Amino acid sequence: MKQENEHTMTRREFIGWSARFLLLGGLLALIFRHGSSRRKTQDVCTDPKGYCRTCAALDYCGHPTARSFKAAQAEEGSRS
């Protein structure tokens, strides 16, 4: 008599579980990438004209021009 092991997995079950894990991994990678990209500073200017004053990303921008602009604003604010 042949006994089946309760822990064996058919090929169809294996492919199904593999697909689930791949989708879950991809979803987690997208979530991590989206969440971490908002926190890190940017080094590329996103404003089409290159004006820091009108740029929406100024608060978290790490571009040297933006850092200089923020420092100048802070210095101007301390004088007033």
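Accessible areas come from the Shrake-Rupley method with a 1.4 Å probe, and for residues only the protein chains shown count as cover.

Keep in mind that this is a predicted model, where local features need pLDDT of at least 70 and side-chain atom pairs count only at pLDDT 80 or more, while totals for chains, interfaces and linings use all residues. Residues are numbered from 1 along each chain as its sequence is written, and side-chain values use heavy atoms, with hydrogens and water left out.

Phe14 sits in helix H1, which covers residues 11-39. Phe14 counts as exposed because its relative accessible area is 51%; the cut-offs are over 50% for exposed, under 20% for buried, and partly exposed in between (1.4 Å probe, protein chains only).

Now step back to the whole protein. Its secondary structure comes to two helices and zero strands, where helices (H or I, at least four residues) and strands (E, at least two) are DSSP runs numbered from the N terminus. Of the 80 residues, 12% are buried. The accessible surface is about 7700 Å², with 57% of that belonging to carbon and sulfur atoms.

So what about the inside? The largest nonpolar core has five residues: Cys52, Leu58, Cys61, Ala66 and Phe69. Such a core is a set of buried Ala, Val, Leu, Ile, Met, Phe, Trp, Tyr and Cys residues joined through side-chain atoms within 4.5 Å. Beyond its neighbours within four places in sequence, Leu58 is in contact (heavy atoms within 4.5 Å) with Cys52, Ala66, Phe69 and Lys70. Cys52 is buried, since its relative accessible area is 12%. The structure holds zero disulfides, meaning pairs of cysteine sulfur atoms within 2.5 Å.

Last stop: the loop between H1 and helix H2 (64-79), where you'll find Gly62. With 9% relative accessibility, Gly62 is buried, and its C-alpha atom is 9.0 Å from that of Cys45, 17 residues away along the chain. His63 lies in the loop between H1 and H2 too, but at 23% His63 counts as partly exposed.
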